[in-house]
Amino acid sequence: LTRSAMSLLRVAFAVLLPVAVVLSQPWGLQSEAACNFTNAPRVSHFWDVSCRNSSSLGCLADGQNPECRFCGQGDYKKVLCPASSCSFANPPHLPYYWDADCRLGKIGCLADGVHVQCRFCGEFPYNGTVPCKTGNTTTPAGSCLFVNEPEMPHFWDATCEDGMLGCRADGMHKECRFCGRGDYSEVKCPASLCTFREPPAQPYKHYWEPLCWNASSDILGCLADGIHRECRFCGAGDYSVVLCPAVEKVDLGTAANYAILTKTGISTVPSSSITGNISISPAAGTYMTGFNFDKSSPEFWTSSQITGFALSATHSSPVPAILSTAVSDMETAYTNASQRNNTQGYNLGDGNIGGMTLAPGVYTFGTDININSDMTFSGGADNVFILQTTGKLMQAASTNVISSGGAQAKTIFWQVKGTVWVGSSAVMQGILLAKNNVVFESSSSLTGRVLAQTDSALQKATPALSRVPPSNLEAFCCVT
């Protein structure tokens, strides 16, 4: 069957505390209503409302609630566990289901990074290897939907717009994009299209190379996943002569016009010092506190703590429209950073990166990121560093994030789903793309930007935030 047939505002400047991702025991599913076991069973279970007036197989699993139901294993293997048992940190763009037979090493398993039984299926690159299960598959709204699955590689690209090459590949979703072959060869396919049975061993990296097997010079490292000829090892070990493609910087759009941009609030305990514009939207300007603003202008506020302007959704036109676009650009940048393909391995140091020197590339963590001693980003002026975490980012007091060899704060991106916390007297560098709040404690500093989707707090901090480039808000509304 084909798929269709089955078819801040309160940013606290603080150390980013990455969240840990742990493989769940196969029997430990979460449910919207909780089963109540005296001792946790070693069998998968879920909450099934159809059990209320039924004595079907697996119901009354905990001996108390009829809706508590065993599934997927042993005597209950015929009872399908729901796909909702999967737990994704970010919404996926591929169909998935719960496969009780999944084990590490089987293609598509561990799809959510948490449960080994959560399995991708049906859509490229799993269309030829993992069929979806009828009646037990979830197809996310944000995914490609073809009447007939094409052989052309494709992926979900949140940056797609109508008119861009390869976009709207399925004829319905503009984000569905062809890549890497034929007329779409200039559109780069993400390395995530490789489907390894297990993550490749270090130090091997990989990417999607459409030229694989086209010439004798394009053979080494190809067919890295044993399935797709375009999947290619690069950059290390036996494949050190195969150059890995450079990581592109994250486009901030108009969010780059702000030193601090949040959705719900910005607070400070005097006297902090900020170089650049600060803004909140859609929250009102009253949610920027502690700055002792001069509010004489209807278009912007000023403060002795800010070398720049303070703007909010309640300032006069055209400021609200400008900020609405900036917030949208901030959210797009966060999504873009979160979807970048890993090039430097997973859970480096179990998230403890203090004392390390990091090379350019994309680092992925299913753990909190902890900086408990000085760490360094080493690279050239154009090199890009992206650190992704589903957890928090936490930087200990009096520690330093250092750039060397020409590396610049503007090309260091921290994509953090949890809280960011920078301890007292700590020195942080980079663009903080935070899903939650950001906190800077007393005497801490930042060279970079805070782009937070909740709020930001400065506790007598002195962040040396990078000044907005020539396209600052003076060009739009704030001429003094």
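Predicted model: local features only at pLDDT ≥ 70, side-chain atom pairs only at ≥ 80, totals over all residues.

Colleague: Is strand β12 largely enclosed or exposed?

Modeller: Strand β12 covers residues 265–269, and four of its five residues are buried. Buried here stands for under 20% relative accessible area.

Colleague: Which residue in β15 is the bridge partner of Ser267?

Modeller: Strand β15 spans residues 288–289, and it pairs with β12 in the parallel sense over two bridges. On the β15 side, the bridge partner of Ser267 is Thr289.

Colleague: What is omega for the cis peptide bond between Ser281 and Pro282?

Modeller: Most peptide bonds are trans. Pro282, in the loop between β14 and β15, is joined to Ser281 by a cis bond. Its omega is about 15°.

Colleague: And where is Pro318 found?

Modeller: The peptide bond from Ser317 to Pro318 is also cis, with omega near 10°. As for its place, Pro318 sits in the loop between β17 and α1.

Colleague: Is Asn292 buried or exposed?

Modeller: Asn292 lies in the loop between β15 and β16, and its phi is positive, near 50°. Its relative accessible area is 73%. The cut-off for exposed is over 50%, so Asn292 counts as exposed.

Colleague: What is the phi of Ser425?

Modeller: Ser425 is in the loop between β26 and β27, and at 38% relative accessibility it is partly exposed. Most residues other than glycine have a negative phi. Ser425 is not a glycine, yet its phi is positive, at about 65°.

How values were computed:
Residues numbered from 1 in each chain as written. Heavy atoms only, no water. Buried < 20%, exposed > 50% of the residue type's maximum accessible area, 1.4 Å probe, protein only. Pairing = 2+ DSSP bridges.
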